[in-house]
Amino acid sequence: MTPAPLPTGRAALLQRLAVPHRYDIAVVGGGASGLGVALDAALRGHSVLLLEAEDFAKGTSSRATKLVHGGVRYLAQGDIHLVREALHERVHILRSAPHLAQPLPFVMPTYRLWEAPFYGIGLKMYDALAGEAGLGRTEWLTPGQALRLLPGAQPRGLKGGVKYWDGQFDDARLALALARTAAREGALLINHCAVTEVLHEAGRVAGLVARDAESGREFRIQAGCVVNATGVWVDALRRQDAEAAGASAPPLVAPSQGVHVVVDQSFSPGGHALLVPSTADGRVLFAVPWLGKLILGTTDTPRPDVPLEPEPFAQELDFILREAARYLRRAPTRADIRSTWVGLRPLVRPGGAEGGDTKTISREHTVLVAPSGLVTVTGGKWTTYRAMAEDVLARCAEAGVLPPRGPSRTAGLMLVGADTAARPPALSRAPGMHLYGAEQAAVAALPGAERWLAPGLSEAMVRFAARHEYARTVEDVLARRSRLLFLDAAEAAGAAPAVAEVLAAELGPAHDVALPAFQALAAAYAQHGRIGAA
């Protein structure tokens, strides 16, 4: 029997935070890395607090290419360790939440005679590295077979193809499942609550100061261990920590921007993704069917700043559309864009590196322990979040800031909502109740289950988001509980007033659900399909 979902009422969460308590570990940052650390620590029996300034997975962790993968491009770069680790971690994610993460077949169409044998041999190596964790064997395809699997591919000049397997997922909802599972294990997690200061005693980290974004109320929190898991923003907390001791912290992160474009799935129908291993400038291009749409991406562009809502550069959109036109039977244009989003990758700088080509920087994660005891984790990729958490807790124990409490227990753990009794629909299908897995009945029991506010989003889902999924704003609902903003920004804007009405009924009329802010955000996600390249 599926347990009843835990409530996430904010008043009760803040009341718990206000109670004097010394946490074993306080995690700053509610993305994949921070949530993985919180869950692992809670399962080992530690008292755990996680604070997120915005919303869980608001940053990079909701803006992935939606792939649970070893990384074909990293294999080409010779990063064998990362690929092997990711391939073995991939299976843990797929098993932990089958309603949110599933195997996905890819086809690499080939247009030159040497490509099929060359890339096919590389993908056979990919299979070998996966070993028993493999999802399916690599196959060479004739032109006819390739077109049957990829009917939207460009037939002119097609010589054949290679089929291989990886995985895909709903990144934001998987992050939410991690948060809710950590809460089930006793951790206290609060979003929209920013850490404003690291507290020190005798030069050592001793806790945090946090501010509730809604009320402005401040909390002083004691913690034996503080983990900085704020992704591309880790350097801000590192600087503050170092300055408290009159020292400095050289920048650790070299941000890279990845742009994604969403178009209708009719451009590449069917359940297979398309991979171009080497575009005109040496990058990888994906065309991934996801939640009823098609994701085209991604770029890898260095940038010096780390805005909360980065926007695509015009040349990045042009690059994606131009390359997609080379490999798709029907070329997508600006007018076909339903939404765009940008993720910032927290790439770890090589020693002394300044700027440069981020495509050559390793995607492996880094864990640093400052002289004060502040632990920082950054880099890495979504697929390896679980292994990253294990490394972080091992370093915490080595540094003496967290008592060791046995090995990790996350391998084989089923996350909240996981349903092993039934085979879930493919993630290439349009969103709906199936994304709630074992909790579908709990959602259906709420008022408004038959009232649809937008495709795939019912009134009951909004109520569930407010009561059990930490949602506080229209953006929380339409960007990360539902993925409508990422699928069709104009449609999300149209649904926003109705979502705001339901959310206000759940959270109280005095609560600001931030409707105008969301409408402005949706306009930004949609506008890139209408503007010119200039």
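Visitor: Is Asp235 buried or exposed?
Guide: In this predicted model, Asp235 has a relative accessible area of 10%, so Asp235 counts as buried.

Visitor: And what does the side chain of Asp235 meet in a salt bridge?
Guide: The partner is Arg238, with 2.7 Å from N to O, and Arg238 is likewise listed as buried, because its relative accessibility is 13%.

Visitor: Where do Arg238 and Asp235 lie?
Guide: Both belong to helix 8, residues 234-244, where they are three residues apart, about one turn of the helix.

Visitor: How many salt bridges does a search of the whole structure find?
Guide: The search finds 35 salt bridges. One of them joins Arg63 to Glu309, whose closest N and O atoms are 2.9 Å apart. Arg63 sits in the loop between strand 2 (48-51) and strand 3 (67-68), while Glu309 sits in the loop between strand 15 (301-302) and helix 9 (314-327), so this pair ties together parts that are 246 residues apart in sequence.

Visitor: Are those two buried or partly exposed?
Guide: Arg63 is buried, at 4% relative accessibility, whereas Glu309 is partly exposed, at 24%.

Visitor: Which residues are linked with Arg63 and Glu309 in a network of salt bridges?
Guide: The network also takes in Asp55, Lys58, Glu475, Asp476, Arg480 and Arg481.

Visitor: Switching to Glu506, which side chain does it meet in a salt bridge?
Guide: Glu506 meets Arg467, at 2.8 Å from N to O. This pair links distant parts of the chain, since Arg467 is in helix 12 (residues 459-468) and Glu506 is in helix 15, 39 residues apart. Arg467 is partly exposed at 32% relative accessible area, and Glu506 is partly exposed at 22%.

Visitor: How do helix 15 and helix 16 pack?
Guide: Helix 15 (residues 489-507) and helix 16 (residues 515-527) pack at an angle of about 170°, with axes 8 Å apart, and they are therefore roughly antiparallel to each other. Among the residues making the contact are Ala489, Ala496 and Pro497 of helix 15 and Leu515, Phe518 and Tyr525 of helix 16.

Visitor: What is that contact like by class?
Guide: It has 12 nonpolar residues, one polar and no charged residues.

Visitor: Are Cys225 and Cys396 buried or exposed?
Guide: Cys225 is buried at 0% relative accessibility, and Cys396 is buried with a relative accessible area of 0%.

Conventions
Residues numbered from 1 in each chain as written. Predicted model: local features only at pLDDT ≥ 70, side-chain atom pairs only at ≥ 80, totals over all residues. Heavy atoms only, no water. Axes fitted to C-alpha atoms, helices over the stretch in contact; angles between N-to-C directions. Helix = DSSP H or I, 4+ residues; strand = E, 2+ residues; numbered from the N terminus. Parallel < 35°, antiparallel > 145°, perpendicular 65-115°, else oblique. Contact = heavy atoms within 4.5 Å. Nonpolar A, V, L, I, M, F, W, Y, C, P; charged D, E, K, R; others polar. Buried < 20%, exposed > 50% of the residue type's maximum accessible area, 1.4 Å probe, protein only. Salt bridge = Lys/Arg side-chain N within 4 Å of Asp/Glu carboxyl O.
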